[in-house]
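Q: I have a new model open and want a quick tour. Keep it short, please.

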Amino acid sequence: MTVSVVLQRLSRHLWPLALANLVANIGIVVTGAAVRLTGSGLGCPTWPRCSDESYVAHGELGVHGVIEFGNRMLTFALAAIAVLCFLAALGAAHRRATRLSLVIGLGIPLQAVIGGITVLTDLNPWIVAGHFLLSMAMIMVCVALVDELRSPDRTAAPPLPRALAWATLVSGWVVLYLGTVVTGAGPHAGDTESPRNGLDPATVSHVHAYAVYVLVALTVALLVVALRGGHPWLARVTGLVLLIEVLQGVLGWVQYWLDLPVGLVALHMLGAALLAAGLARIALAVLPHHAHHEARADGQEQPRAATRLP
């Protein structure tokens, strides 16, 4: 079987592989949270080995070693999905999908290296924050790939909704960053010996909350403008993101008043990943998208089944 035949067969699975990329990158955020919340962040005390003697977890490292090593192994699953998605995009000769899937694939080893640095620095909270924010960026690229492959035709939004959408995106990034600052000040360091950022948890939590209020206000304004301006796709996407924000805000306050139970913190991390995906969807919804204009690398139009909503 020739390489071209393999790529052609893979191209039929480009859409499910793009979805798998998104789901896997959201999933590893949740499993990473499980590592931190179980105190297993240094279950493998070094990197790239799990310990000085072995690349894999062994009995002396206990259950924390198993949890941390298991999370490291998930990186290979992400890499496999990303490689298959890239090859499928090549087989489909879809130029933009190929570029986006390449960015996702390159982000995985970069994320692994930053994860290794977090271990080598004993889970320094500022480096852990960078590790998390890179995951949010990768989720956004995965959403861009999904949007590229299958979303409704649309023209560019007028200046006001476009400005509100980008303001919402920027505000959302501020919220995500401040969330990492709150985490760095809180009790769930990933290991009992890991350093904290030294900030007052109550103070940074309230600053984070104020940023959330701004984000919600911008999202409501965007929803109103989208509804009044007759932009149904933008309104639908914005309404869903607003729901995520409200649920995430309620969850944040509940976990704060209950002294950060690990189950609620894990749900809050999942909510952050979904918020990142939603923010990317909003930013993309104000940009033009014409499925019938999406040319393949050979100049032919993309098949509708691969690029349009059913």
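A: One term before we start. A helix here is a DSSP run of H or I, at least four residues, and helices are numbered from the N terminus. Also, the model is predicted.

Q: What comes just after α8?
A: D259, with a positive phi of about 65°. L260 also has a positive phi, near 60°, and is not a glycine. L260 lies in the loop between α8 and α9, the latter being residues 262–285.

Q: Is L260 buried, exposed or partly exposed?
A: Partly exposed, because its relative accessibility is 25% and that class runs between 20% and 50%.

Q: And α7, what span should it have?
A: Its 28 residues should span 40 Å at 1.5 Å a residue. The end C-alpha atoms are 41 Å apart, so that agrees.

Q: Which residue follows α7 with a positive phi?
A: G230, with phi near 70°.

Q: Where does A93 sit?
A: In the loop between α3 and α4, the latter being residues 95–120. A93 has a positive phi of about 55° although it is not a glycine. At 17% relative accessible area, A93 is buried.

Q: Switching to peptide bonds. Which one is cis?
A: The bond from W47 to P48 is cis, with omega near 10°. Most peptide bonds are trans. P48 is in the loop between α2 (14–37) and α3.

Q: Cysteines next. How many disulfides does the structure hold?
A: One. C44 and C50 form it, with their sulfur atoms 2.0 Å apart.

Q: Left-handed or right-handed?
A: Left-handed, because the torsion about the S-S bond is about -70°. C44 is buried, at 0% relative accessible area. C50 counts as buried too, also at 0%.

Q: What about C85, how far is the nearest cysteine sulfur?
A: It is 8.1 Å away and belongs to C142. C85 is in no disulfide. C142 is in no disulfide either. C85 counts as buried at 0% relative accessibility, and C142 is buried at 0% as well.

Q: Now the surface. Which residues form the nonpolar patch with W257?
A: Y210, Y213 and W253. Together the four have about 530 Å² of accessible area. α7 and α8 are the elements that give two or more residues to the patch.

Q: Is W257 buried or exposed?
A: Exposed, because its relative accessibility is 62%, over the 50% cut-off. W257 lies in helix α8.

Q: What does the UniProt record annotate?
A: The unreviewed entry gives "transmembrane region" for several stretches, including 14–35, 126–146, 207–227 and 239–258. In the model, residues 14–35 are 100% helix and 0% strand, with end C-alpha atoms 31 Å apart. Residues 126–146 are 100% helix and 0% strand, and their end C-alpha atoms are 31 Å apart.

Q: Last one. Where is R72, and is it buried or exposed?
A: R72 lies in helix α3, residues 62–91. R72 counts as buried, because its relative accessibility is 13%, under the 20% cut-off. R72 and V56 are 16 residues apart in sequence, and their C-alpha atoms are 9.9 Å apart in space.

Conventions: Residues are numbered from 1 along each chain as its sequence is written. This is a predicted model: local features need pLDDT of at least 70, side-chain atom pairs count only at pLDDT 80 or more; totals for chains, interfaces and linings use all residues. Side-chain values use heavy atoms; hydrogens and water are left out. A disulfide is a pair of cysteine sulfur atoms within 2.5 Å. Buried means under 20% relative accessible area, exposed over 50%, partly exposed in between (1.4 Å probe, protein chains only). Patches are made of residues with over 30% relative accessible area and no salt bridge: like charges are joined within 9 Å, nonpolar side chains (Val, Leu, Ile, Met, Phe, Trp, Tyr) within 5 Å. Accessible areas come from the Shrake-Rupley method with a 1.4 Å probe; for residues, only the protein chains shown count as cover. A salt bridge is a side-chain nitrogen of Lys or Arg within 4 Å of a carboxyl oxygen of Asp or Glu. UniProt positions are given in the numbering used here, feature names are shortened, and annotations may be inferred rather than shown by experiment. The expected span of a helix is 1.5 Å times one less than its number of residues.
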